[in-house]
Amino acid sequence: MSFHGQKVLPAARKMKDFEKLLKSKYTYIVCLDTHISQLKFMIAMANERNKKVLVHLDLINGLKANEYAVDFLAQEMKPSGIISTRSNCIIRAKKRNMIAVQRLFLLDSLALETSYKVIERAQPDYLEVLPGIMPEIIKEVREQAQIPIIAGGLIRTKENVLQALSAGAEAVTTSNPELWI
């Protein structure tokens, strides 16, 4: 599974950014910080333009991030996939044939060890490693988990993008429009 060669997964925080992405070359886009009442419309607009939306489940206002929310999204909204820190949601998304991205905050060695246990249990399609500016950790997690990596968080420059990709990340998520080139 891949993003068909797409190395940047642009993440929209505002509607104007989402609208900009609908006109972009990108096929896969990430939806952050939106309200549940807007989401169906946003996904429908994206589908009309042959875009694939990954919804950050934990950041959808008005929706509790749990298995029922995943079921609701799968039945009513039909995004291509979800991103979540919650392994139970990742497991449910996989059962619903959605792309399942497990988000990992790797703050220290304990968080890294705990993450390996979560990965083993959930078996996500992708891991989003945060912060994404740790090339040696990206490489280690990819080798240990044997699951494709997406680097995210604190990606501020084109050099950050290139470092993450050369460390083995499949793609990089960023909400910085300057990096949506």
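Q102 has its place in strand β7, which covers residues 99-105; strands here are DSSP runs of E of at least two residues, helices are runs of H or I of at least four, and both are numbered from the N terminus. The model is a predicted one, in which local features need pLDDT of at least 70 and side-chain atom pairs count only at pLDDT 80 or more, while totals for chains, interfaces and linings use all residues. Residues are numbered from 1 along each chain as its sequence is written, and side-chain values use heavy atoms, with hydrogens and water left out.

With a relative accessible area of 1%, Q102 is buried, a word used for values under 20%, with over 50% called exposed and the range in between partly exposed (1.4 Å probe, protein chains only). A polar atom of the Q102 side chain lies 2.9 Å from the backbone oxygen of T85. Apart from neighbours within four places in sequence, the residues in contact with Q102 (heavy atoms within 4.5 Å) include S84, T85, R86 and S87, as well as V118, A122 and P124.

P135 is 29 residues away from A164 along the chain, yet their C-alpha atoms are separated by 5.6 Å. Leaving out neighbours within four places in sequence, A164 is in contact with G132, I138, A151, A169 and V172.

Strand β3, made up of residues 34-35, holds T34. This residue is buried too, at 5% relative accessibility. The side chains of T34 and Q38 are joined by a polar contact of 3.1 Å, meaning a pair of N or O atoms within 3.5 Å; within protein, one must be able to donate a hydrogen and the other to accept it, and residues adjacent in sequence count only if both atoms are side-chain atoms. Beyond four places in sequence, T34 is in contact with L39, M42, L59, I60 and N61.

What does the protein chain look like as a whole? In secondary structure, the protein chain has 7 helices and 10 strands. Buried residues account for 52% of its 181 residues. Among contacts between residues at least 6 apart in sequence, 52% join residues at least 24 apart. Along its principal axes, the C-alpha trace spans about 40 × 35 × 25 Å.
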